[in-house]
Amino acid sequence: MSLTLSLALVVPFLVVAGWPAFQDFGGWMYEAFAASWILTGHAAEGMSFATYPVPYALGQAVLTGLNLVMGPMSAGFVYVMLYLALGAAAVDILVRKYDVRPLAGGVFFTLTIVVGSGFWNGYIGSQLGLVLLMFVLGLPRAWIVSPVGVLVCSLLMFASHGIAYAVYCVVGLGLAWRAKRVLAYAMGILPSIGLAVWYSLASFKQAESGGVSRSGLLSHLFYKGYTATKLGAYGNLQVGTAGDGDAMPVLYWLGVAANFSLALLLVLLVGSIVRNRKKIWTDQPAELIITGSLILVYLLLPLQVGVLVNPGERVLSAATVFIGVLTMGRTNGDTRRLSALAAGALVAGAGLTLVSALTMGIKQGLQIDRPTIPGRDDSRIAILYGHRTDADAESATNATSGAATGAGPQLPPRWGTSFLLPTGGQ
């Protein structure tokens with residue numbers, strides 16, 4: 001069911017867009033093409049591989065491997081299909097492990113995590129980390145908390161995304177505490193901690209340049225609230241400067257309502273966890289502690305750390321996995337209605353996203369002038385739930401043309417979290 005739902009939403013978008021036009025994905029397509037170009041013995045002016053471990057490398061490495069056997073555009077399409085298949089398998093194993101209601105839980109995990117906001121933003125590292133987290137939770141508990149299990153899981157999570165790895169450290173410790181295997185956890189986690197320290201020291205200058213974004217309390221709380229509504233399944237697929245609010249205002253506001261409804265239902269589900277905390281503490285104390293810890297970290301994280309924008313969004317997504325686990329089980333009779341309503345709000349949002357995808361041609365003909373924001377380079381106010389489908393079209397085009405003509409990569413590395421660095425980076 002999860003795979004069918006994902007494909008029904010994503011395939012029409014790919015057909016209409018003509019390429020994997022997820023916001024940042026074009027940049028990752030270019031990075032993978034450039035890496036494959038270097039690996040096949042070609043010179044790539046202005047870039048080289050990092051000489052230290054990079055905790056965002058797994059998705060990029062898979063995409064690079066695909067570029068070794070096919071063109072950049074085909075590699076992009078194949079990567080998306082592989083990711084959706086992996087996501088569906090992760091949902092299935094998680095639903096089975098925690099005896100979650102298949103329909104409500106399957107819809108919930110698929111639309112909030114697998115094809116959630118981060119997916120449409122093209123965040124391949126954090127999305128892969130979330131899917132791997134669901135896989136880890138679905139594995140036999142005895143293996144998860146063993147030294148070998150912790151070693152394997154921690155290295156995979158480290159390689160997927162920095163925040164996903166940090167989340168795993170919390171999750172792994174909680175599960176190990178419950179199983180009374182904290183020493184085994186410590187033994188297994190040490191190698192990945194060493195890699196994390198190595199990366200932190202090696203990339204200190206790069207991280208320092210991004211700094212930490214600080215805001216007033218009201219702005220902080222407002223953005224945290226907005227981030228919670230982004231767990232809804234409606235995505236405003238923008239083309240150029242135009243979004244649904246410009247082309248189809250009714251669709252746009254229905255999508256906003258669907259996302260706000262999902263956020264309200266999530267608050268009610270968290271409230272049910274608080275009300276039933278004594279029972280949950282008896283049956284699932286580790287999951288209860290992990291959920292509370294992740295929500296607290298989400299609330300406290302600043303809006304930007306280094307080169308990572310809104311890191312709390314990734315943490316909240318991980319917390320959402322545990323919210324689903326604790327409230328959507330077959331034995332959770334008091335949340336059955338809330339679970340069904342949450343699934344309904346998500347399906348409604350996904351349906352509106354599908355309409356947004358099918359009407360991208362309408363938006364393509366619009367050019368909207370937006371007020372500028374002092375001190376900002378984007379020169380326009382962000383639209384709610386906006387995903388810029390052509391944000392990295394130039395990078396994708398450079399990859400495909402560079403492969404077709406044999407000219408190779410012509411742009412510098414796109415992302416500061418890549419394992420490719422501008423020449424001179426160590």
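**Exercise 1. Determine where Leu137 lies, whether Leu137 is buried or exposed, and which residues Leu137 contacts.**

Step 1. Leu137 is found in helix α7, which covers residues 124-138; helices here are DSSP runs of H or I with at least four residues, numbered from the N terminus. The model is a predicted one, in which local features need pLDDT of at least 70 and side-chain atom pairs count only at pLDDT 80 or more, while totals for chains, interfaces and linings use all residues. Residues are numbered from 1 along each chain as its sequence is written, and side-chain values use heavy atoms, with hydrogens and water left out.

Step 2. Leu137 has 0% relative accessibility and therefore counts as buried (under 20% relative accessible area, with exposed meaning over 50% and partly exposed in between, for a 1.4 Å probe and protein chains only).

Step 3. Leaving aside neighbours within four places in sequence, Leu137 is in contact (heavy atoms within 4.5 Å) with Leu94, Lys97, Tyr98, Ile144, Val171, Leu175, Val321 and Phe322. The C-alpha atoms of Leu137 and Val325 are separated by 9.9 Å, although these residues are 188 residues apart along the chain.

**Exercise 2. Describe the largest nonpolar core and name the residues with the most contacts inside it.**

Step 1. A nonpolar core is a set of buried Ala, Val, Leu, Ile, Met, Phe, Trp, Tyr and Cys residues joined through side-chain atoms within 4.5 Å.

Step 2. The largest such core has 114 residues, and those with the most contacts inside it are Phe13, Phe22, Phe109, Phe119, Met134 and Leu137. Apart from this core lies another of 9 residues, among them Tyr226, Tyr234, Leu251 and Leu352.

Step 3. Phe119 touches Val10, Phe22, Val80, Tyr83, Leu84, Val114 and Gln127, when residues up to four places away in sequence are not counted.

**Exercise 3. Work out how helices α1 and α4 are arranged, and which residues bring them together.**

Step 1. Helix α1 (residues 2-17) packs against helix α4 (residues 72-97) at an angle of about 160°, and their axes are 9 Å apart. Axes are lines fitted to C-alpha atoms over the stretch in contact, and angles run from 0 to 180 degrees between N-to-C directions.

Step 2. The two helices, α1 and α4, are therefore roughly antiparallel to each other (roughly antiparallel means over 145 degrees).

Step 3. From α1, Ser2, Leu3, Ser6, Leu7, Val10 and Leu14 meet Phe77, Val80, Met81, Leu84, Ala85, Gly87, Ala88 and Val91 in α4.

Key: Angles under 35 degrees count as roughly parallel, over 145 as roughly antiparallel, 65 to 115 as roughly perpendicular and the rest as oblique.
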